[in-house]
Amino acid sequence: MRATTDHIAPYLTALIVLMLAASVACAQTTRPNLVGYTPDGTAPGPPQTLPDLIAFQSDRSGNMDIWTMLADGTILEQITTHAGYDGAPALSPDGTKIAFHSDRWGVDGSFDIFVIDLPTRALYLMTTCVCDEVTPCWSPDGSRIAYCSDYGPTGAFEVRVVDVSDLAAPGIPTKLTNYNPREYDLEGEAAPSWGANGYITYAAQRGHPGLWSIWATDPDTRDTHEVVGHVGAAGGQDPAWSPDAAQIAYVNMQSGTPSSHNEDIYLAPADGVLPNLGYALTQDSVIGSTGTADQDACWSPSGPNIYFSRHSHDTGQADIFVVSNGDGSAANLTNRPDGFDAYPSAISYSTFWDVPSGHWAYFEIEACQRAGIVSGYGDATYQPDRAVNRDQMAVYISPAVADGDENVPEFTDTPSFPDVDEAHWALDYIEYAVSQNVVAGYGDGTYHPEYEVTRDQMAVYVARSLVAPEGEAGLADYIPADPRNFPDVASDFWSYRHVEYCVENGVVAGYLDGYYHPEYAVTRDQMAVYVARAFGLVS
């Protein structure tokens, strides 16, 4: 039996982070700038067309490292830099971390599981077994990682799970599968995938010489069942749950011949009704004397596309492809005839680390960023829960009214307010909002840029901006529909007409309790929603 050091991993992690920091790519926190991003050169569309972010392993730097790119093959970024082998990346559900296997720590050249935190580029060691631990995948909530380990008396791979809720102190790995392989079955289990239904699926040879099938195990209850029946000696590899856990993509060779090794991506229903071998999604013609292998399938977050790598058995070359789940057409995303790009992992792209694709205002915030209205903070965060001040409000509103930040003119006249002088960072935006009759100062002649904006005030600003430059004059003939929408915005409330105007134009809505809560401070995520809806940045 091989020795293991799994039990001391929590004590080594802090040291490993310091030791390995130098081997990580530059510790930047920026994100690709998608202002005006259009893959086809046309005008920016609604944010639902944002590309997926793909992590993959590549030799384009001379070593096998982890890279990311957008799903159209653009905006490449190197994530790790290591003289050895970093592979099998897995993006966390929130897009802020990548798990991967690497030989950078293994004292005998073996592989361990690492996690890199993308905002800080800090590197964390999750496992320290003197054995190979490979192909990680994340739990749906991002608190655990499943992977394959060949620790044991036979050297066969089994699936293990480690708690990574605290990257600095990962838990002790636990064995998920406990299958005792026979002499002909030393592969054991391979390539886990964690589905939205809570089950971990993996390829396994269980009781059938040379035959693979796909199984699923609940890591909490240990309920285990076969999902896809025996698919042959070269089939059943690389299973991947669809986003809704209704289907499984996997590798099979049934469309080729054993001599051609022409493996393809198959789809099968995950209903457990056997046999359910599914159908071939990719059927690439044989290239060269030994064909191609379509492997490493992963789904796009929305489900219609599947990313995979196509390997040439002749040359060892590989590229990342995408295939439509609808029509089966495949496109090469990396197209490096002499390179090796493989093992894709995809999530919906997020410009800001703290606004993942699951955030309630994700589309609106991304739309505002693409339109050049917001840019976030220097650490690539958006800070969606932060309250909006009156100066920040003008920075949101003015570019929207002007149809782009570049159209907000530089202000060179005498400032309108004594507390917004020539040195104020938002002078141009505040003065433009004044010129468009969107904002005005207080009775004492000041603007008070530091004051937080409340929801009643924001309705006034947005309503005026929709009829700019007329301002209040443009709302003079507006008569709100009866009955009014909110019990806490009475007909004699000071911004009643503005709130109702925003409601009728699809800009605002109330809370689940049926109230508008005009007294609540407006947060940055809400601000983006106001602006994106008001100016048609989202469909």
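Modeller: Two strands pair if DSSP finds at least two bridges between them, a strand being a DSSP run (E, at least two residues) numbered from the N terminus. The model is predicted, with local features needing pLDDT of at least 70, side-chain atom pairs counting only at pLDDT 80 or more, and totals for chains, interfaces and linings using all residues. Residues are numbered from 1 along each chain as its sequence is written, and side-chain values use heavy atoms, leaving out hydrogens and water.

Strand S13 spans residues 200–204 and runs antiparallel to strand S14 (residues 213–217), the two being joined by 5 bridges. Within this pairing, Ala204 stands opposite Ser213 of S14. S13 is mostly covered, with 5 of its 5 residues buried (under 20% relative accessible area, 1.4 Å probe, protein chains only). From S13, Ile200, Tyr202 and Ala204 point one way, while Thr201 and Ala203 point the other, and all are buried.

Elsewhere, an open sheet is formed by 4 strands in the order S3-S2-S1-S24, with antiparallel pairing. Strand S1 (residues 52–58) and strand S2 (residues 65–70) run antiparallel and are joined by 6 bridges. In that pair, Ser58 stands opposite Asp65 of S2.

Notes. Buried < 20%, exposed > 50% of the residue type's maximum accessible area, 1.4 Å probe, protein only.
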